[in-house]
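Work through the exercises below with the model in view. Try each task before reading its solution.

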Amino acid sequence: PSTNYWGAYLDTAGSREMRFVGKETEMSFISASHIRVFKDAPESDFIKVKYGLEDDPRPPERPDDPVGKILVKTASANVFIEDDDKDKLQRKYSILRGIQKFAFKYCSKPKDQCYPTWDTDSADFKGVYPDQIEVTLEVAGPSRMRFEGMYRFKPEMPIDGLDASF
């Protein structure tokens, strides 16, 4: 069976394809760019990564400041452990606070279209990563400071490399 980060077994040796799962406010994938910090650490070049929104536990600085969400990166070098409670290497990093609106879209160059969800196990995107990921966000900071924008970026492509012509 598929897992959150790996596809179903391809052969009897246990080989699996990496899986990319993108939803409107969260995405998860395996990256092949993990850097081992400690020389003898029992870690590979792979790391499982998830970006998602969580409630902000901190109260606003001022009573009239809006309450927002936090964009959080969750990462672990234990790429074959599915149960987050058993994963001792898993770490969470707060990336951005004060998020009022947030959405990912996943874009395909051949179809020249963006989609609200993407799953490399689905029939439409079997084994294919998105060519670009679009992030639309609105952030409210202290003292009524606001920011909104839309950004597109290319995800890391561990299998086929990056297509520079998109």
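**Exercise 1.** Does lysine 101 count as buried or exposed?

*Solution.* Note first that this is a predicted model. Take the relative accessibility of lysine 101: 55%. Exposed means over 50%. Lysine 101 therefore counts as exposed.

**Exercise 2.** Examine the salt bridge between aspartate 87 and lysine 48.

*Solution.* Start with the distance: the closest N and O atoms are 3.5 Å apart. Next, the places. Aspartate 87 is in the loop between E6 and E7, and lysine 48 is in strand E5 (residues 47-55). They are 39 residues apart. Last, the cover. Aspartate 87 is buried at 6% relative accessible area, and lysine 48 is buried at 2%.

**Exercise 3.** Describe the disulfide and its two cysteines.

*Solution.* The structure holds 1 disulfide. Cysteine 107 is joined to cysteine 114, S to S 2.1 Å. The torsion about the S-S bond is about 95 degrees, so the disulfide is right-handed. Cysteine 107 is buried at 1% relative accessibility. Cysteine 114 is partly exposed at 27%.

**Exercise 4.** Which residues form a negative surface patch?

*Solution.* The patch is made of Glu82, Asp83, Asp84 and Asp85. Locate one of them: aspartate 83 sits in the loop between strand E6 (69-76) and strand E7 (91-108). Aspartate 83 is partly exposed, at 35% relative accessible area.

Definitions and conventions:
Residues are numbered from 1 along each chain as its sequence is written. This is a predicted model: local features need pLDDT of at least 70, side-chain atom pairs count only at pLDDT 80 or more; totals for chains, interfaces and linings use all residues. Side-chain values use heavy atoms; hydrogens and water are left out. Patches are made of residues with over 30% relative accessible area and no salt bridge: like charges are joined within 9 Å, nonpolar side chains (Val, Leu, Ile, Met, Phe, Trp, Tyr) within 5 Å. Accessible areas come from the Shrake-Rupley method with a 1.4 Å probe; for residues, only the protein chains shown count as cover. A salt bridge is a side-chain nitrogen of Lys or Arg within 4 Å of a carboxyl oxygen of Asp or Glu. Lys and Arg count as positive and Asp and Glu as negative; His and the chain ends are not counted. The place of a charge is taken as NZ of Lys, CZ of Arg, CG of Asp or CD of Glu. Helices (H or I, at least four residues) and strands (E, at least two) are DSSP runs, numbered from the N terminus. Buried means under 20% relative accessible area, exposed over 50%, partly exposed in between (1.4 Å probe, protein chains only). A disulfide is a pair of cysteine sulfur atoms within 2.5 Å.
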